[in-house]
Amino acid sequence: MGIFLRGIIVTGFVLFAGCAGVSTTATKNYSPDTETNASLNHLPLDSNITTGTLPNGLRYYIRKNSEPQNRAELRLGINAGSILEDDDQRVLAHFVEHLAFNGTENFKQTLVDYLESIGMRFGPDLNAYTSFDETVYMLQIPTDSTAIVDTAFRILSDWAHNIRFSPEEVEKERGVMWKNGDSVAVQMRECWTNNSILFHESKYAERLPIGKKEIIETADVETIRRFYQDWYRPDMMAVVAVGDFDVAQIEALIREHFAPIPASENPRKRQEFPGRDHAETLFSTATDPEATYTSISVYYKKPVEPENSLTSYRQNLVKSLHNSILNRLNELLQQRATVFCMPALAKGGLFAQNRFSA
């Protein structure tokens with residue numbers, strides 16, 4: 001609900017995006033596996049996870065974890081974010097997320113007030129984020145009260161299909177939505193994203209979750225509701241529960257609160273939007289007198305690699321170790337002659353892992 005583009009610092013910087021002709025889209029026939037027997041190399045699901053799919057298509061994942069005691073983490077994940085917005089909806093994925101906290105059909109008062117009344121804090125215990133490709137709602141709840149646990153799943157279910165879109169709440173939220181939109185960081189980020197430096201010739205360059213200010217100011221209730229009706233549907237959702245609880249009880253609650261949600265009769269197709277090759281190195285600079293420091297970022301784009309095998313899992317461990325070794329550059333900060341303040345190296349998804357967070 002605030003603004004946070006994960007993994008990218010945008011104050012004063014030079015950005016380089018090197019590609020050397022490598023596509024940023026997932027390569028379907030790519031496989032890191034060397035074993036001939038794929039089934040033996042398949043990365044199995046943790047045997048402690050209980051999973052299932054409801055008749056309406058919603059999936060769930062449950063794992064008991066006794067520490068900390070009497071606590072649980074709940075997630076409602078929607079396989080939809082700003083990339084699926086129509087041209088007249090550029091910001092409305094994030095707008096829907098905001099409205100979810102302003103009341104639902106069964107919780108007409110502000111949900112934040114109710115959740116804080118039972119000891120939850122907005123931010124640490126209650127939050128959500130909207131990214132290009134997903135929207136995720138998060139609750140941390142006490143599990144020593146059966147009533148609170150049941151109510152938590154009722155709230156998740158309401159977010160899934162019972163968000164209210166009252167004109168009054170929409171009008172109140174317009175100003176909140178753009179409170180960070182005119183910041184230096186946002187303006188500088190748009191300098192290179194909208195010019196397709198990082199998201200080269202991709203629709204992602206046109207679908208930053210922060211969207212367009214004019215749409216925030218003018219979008220009507222039905223246009224906002226249309227995004228919700230198109231993409232908030234059971235076959236696009238998953239519920240995750242991890243905590244100190246009885247697994248059978250949690251599974252029963254998920255079935256009770258989510259199974260009645262009707263499946264969509266004529267669902268829109270969930271399209272994929274690949275990145276594009278570019279042989280040349282692209283670069284951009286952005287400056288502003290209010291920027292507090294200078295940052296230089298270099299991105300090497302590579303195809304998305306599958307992570308569903310023992311071999312790919314091992315490769316990820318090796319890459320993580322490699323990054324950890326190189327990140328020992330931080331030790332140089334103890335020396336007086338350093339020319340930088342904060343070195344960092346990371347590997348991550350360019351599209352799906354960038355997000356705007358509450």
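Reply: Not counting residues up to four places away in sequence, Ile62 touches Asn48, Ile49, Thr50, Ala241, Phe245, Val247, Ile250, Glu251 and Ile254; contact here means heavy atoms within 4.5 Å. Keep in mind that this is a predicted model, in which local features need pLDDT of at least 70 and side-chain atom pairs count only at pLDDT 80 or more, while totals for chains, interfaces and linings use all residues. Residues are numbered from 1 along each chain as its sequence is written, and side-chain values use heavy atoms, with hydrogens and water left out.

How exposed or buried is Ile62? Its relative accessible area is 0%, so Ile62 is buried. (Buried means under 20% relative accessible area, exposed means over 50%, and partly exposed is in between, using a 1.4 Å probe and protein chains only.) One of the residues that Ile62 touches is Val247. The C-alpha atoms of Ile62 and Val247 are 6.8 Å apart in space, although 185 residues separate them in sequence.

Now place Ile62 in its strand: this residue belongs to strand 3. (Strands are DSSP runs of E with at least two residues, helices are DSSP runs of H or I with at least four, and both are numbered from the N terminus.) Strand 3 covers residues 59–64 and runs parallel to strand 7, with 6 bridges joining them.

Follow strand 7 next. This strand spans residues 237–243 and is mostly covered, since 5 of its 7 residues are buried. Strand 7 also pairs with strand 4, this time in the antiparallel sense, over 7 bridges. Here you can look for Gly77, which stands opposite Ala238 in strand 7.

Strand 4 then leads you on to strand 6. Strand 4, residues 71–78, pairs with strand 6 in the antiparallel sense over 8 bridges, and Leu76 has Tyr137 of strand 6 as its bridge partner. Strand 6 (residues 135–142) is mostly covered too, with 7 of its 8 residues buried. Another partner of strand 6 is strand 5 (residues 126–131), again antiparallel, through 5 bridges. A hairpin through 3 residues joins strand 5 to strand 6.

Let's turn from strands to helices. Leu92 sits in helix 2 and is buried, with a relative accessible area of 0%. Leaving aside neighbours within four places in sequence, Leu92 is in contact with Glu85, Ile215, Ala219, Thr223, Ile224 and Phe227. Three of these names, Thr223, Ile224 and Phe227, come up again where helix 2 meets helix 8.

Which residues form that meeting of helix 2 with helix 8? Leu92, Ala93, Phe95, Val96 and Leu99 come from helix 2, while Thr223, Ile224, Phe227 and Tyr228 come from helix 8. By class, this contact has 8 nonpolar residues, 1 polar residue and no charged ones. (Ala, Val, Leu, Ile, Met, Phe, Trp, Tyr, Cys and Pro count as nonpolar, Asp, Glu, Lys and Arg as charged, and the others, Gly among them, as polar.) The axes of helix 2 (residues 92–100) and helix 8 (residues 221–231) come within 9 Å and cross at roughly 90°. Helix 2 and helix 8 are therefore roughly perpendicular to each other, a label for angles of 65 to 115 degrees; under 35 is roughly parallel, over 145 roughly antiparallel and the rest oblique. (Axes are lines fitted to C-alpha atoms, for helices over the stretch in contact, and angles run from 0 to 180 degrees between N-to-C directions.)

Helix 8 also holds Asp230, which is buried with a relative accessible area of 18%. The side chain of Asp230 makes a polar contact with the side chain of Arg268, at 3.0 Å. (A polar contact is a pair of N or O atoms within 3.5 Å; within protein, one must be able to donate a hydrogen and the other to accept it, and residues adjacent in sequence count only if both atoms are side-chain atoms.)

Finally, step back to the whole protein. There are 10 helices and 10 strands, and buried residues make up 44% of the 358 residues. Among contacts between residues at least 6 apart in sequence, 83% join residues at least 24 apart.

How values were computed
Two strands pair if DSSP finds at least two bridges between them.
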